[in-house]
Amino acid sequence: EQVVLRPEAGHELLRTSPGAPALQMRGLRLQGPVRVDGSHASFELCTFRDGQAIEGGALAVVGGGVVEATACNFTSNNATKGGALLVDGGEAHVAACRFNENSAASGGSALFVRSTIGEGVVLTDGTLLLSNTEPSITTVSGRVSYRLPAPQGRYIDAAGGNTQELSSGWAADYPLACAPGI
């Protein structure tokens, strides 16, 4: 059974501070915004659902923060910017995650990137964006890339390589679906 964590209405569920020890979370259901500020956090097999905030409805990575998300689901989160995930001066490695039915009034229903450090935001290992409001990815500045493998039946435009650099304006679903029979 999954543990469910939910804050009082209008509050963050969790906030880390610069210099805080590394945070590791596994198998939790998080129903409120998490803010990683200047520290390191890893989430494995977690569900981020029904989070609401002005920026980063589920997760905000700011001020030099670094996040690793593996096999997580981001579902039905909402924010003005970054319905599911907002990165502002941070780095995020997202592997085998699913972003589904997230929304953002000012763009980036799945991902809003204001600026990045290090490798920026790297989506990989079959990460899938489905049924988010458009655009699902909004980038002001910084680096966002998708590294193969893509989910079965989906593709990226890697031009002979294994990584596609992403910019603003991606449709609700990404990677793109292959044509039937291909």
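Which residue in strand 7 is the bridge partner of Arg 29? Let's start there, everyone. In strand 7, that partner is Thr 47. One thing to keep in mind as we go: this is a predicted model.

So where does that pairing sit? Strand 4 covers residues 28–30 and strand 7 covers residues 47–49; the two run parallel and are joined by two bridges. As a reminder, strands of a sheet pair through backbone hydrogen bonds, and they can do so in a parallel or an antiparallel way.

Phe 74 has another stacked partner to show you. Phe 74 and Phe 99 are 4.5 Å apart centre to centre, again with 5 degrees between the planes. Here too the pair links distant parts of the chain: Phe 74 is in strand 11, while Phe 99 is in strand 14, residues 98–100, and the two are 25 residues apart. Phe 99 is buried, as is Phe 74.

On to the cysteines. A disulfide, remember, is a covalent bond between the sulfur atoms of two cysteines. How many disulfides does a search of the whole structure find? The search finds zero. Take Cys 46: the nearest cysteine sulfur belongs to Cys 72 and is 4.8 Å away, and a disulfide needs the sulfur atoms within 2.5 Å, so Cys 46 is in no disulfide. Cys 46 is buried, with a relative accessible area of 0%. Cys 97 is also in no disulfide, and for Cys 97 the nearest cysteine sulfur is again that of Cys 72, 4.6 Å away. Cys 97 counts as buried too, at 2% relative accessibility.

Now for some backbone details. In general, most residues other than glycine have a negative phi, and most peptide bonds are trans. With that in mind, have a look at Ala 71, which is not a glycine and yet has a positive phi of about 55 degrees. Ala 71 is in the loop between strand 10, residues 66–70, and strand 11, residues 73–75. Ala 71 is partly exposed, with a relative accessible area of 29%. Ser 131 is not a glycine either, and its phi is positive, at about 55 degrees. You'll find Ser 131 in the loop between strand 17 and strand 18, and it is partly exposed at 46% relative accessible area.

That loop holds a further item. A cis peptide bond joins Glu 134 and Pro 135, with omega about -10 degrees, and Pro 135 is in the loop between strand 17 and strand 18, residues 137–139. The peptide bond from Tyr 174 to Pro 175 is cis as well, with omega near -5 degrees. Pro 175 is in the loop between strand 21, residues 163–165, and strand 22, residues 176–177.

Pro 175 brings us to our last stop, Tyr 155. Leaving aside residues up to four places away in sequence, what does Tyr 155 touch? Tyr 155 touches Ala 150, Pro 175, Leu 176, Ala 177 and Cys 178. Tyr 155 itself is in strand 20, residues 154–155, and is partly exposed, with a relative accessible area of 39%. For a sense of distance, the C-alpha atoms of Tyr 155 and Gly 10 are separated by 38 Å, and these residues are 145 apart along the chain.

How values were computed. Residues are numbered from 1 along each chain as its sequence is written. This is a predicted model: local features need pLDDT of at least 70, side-chain atom pairs count only at pLDDT 80 or more; totals for chains, interfaces and linings use all residues. Side-chain values use heavy atoms; hydrogens and water are left out. Helices (H or I, at least four residues) and strands (E, at least two) are DSSP runs, numbered from the N terminus. Buried means under 20% relative accessible area, exposed over 50%, partly exposed in between (1.4 Å probe, protein chains only). Contact means heavy atoms within 4.5 Å. Two strands pair if DSSP finds at least two bridges between them. Rings of Phe, Tyr and Trp (its six-membered ring) pair if their centres lie within 6.5 Å; planes under 30 degrees apart count as stacked, over 60 as edge-to-face and the rest as tilted.
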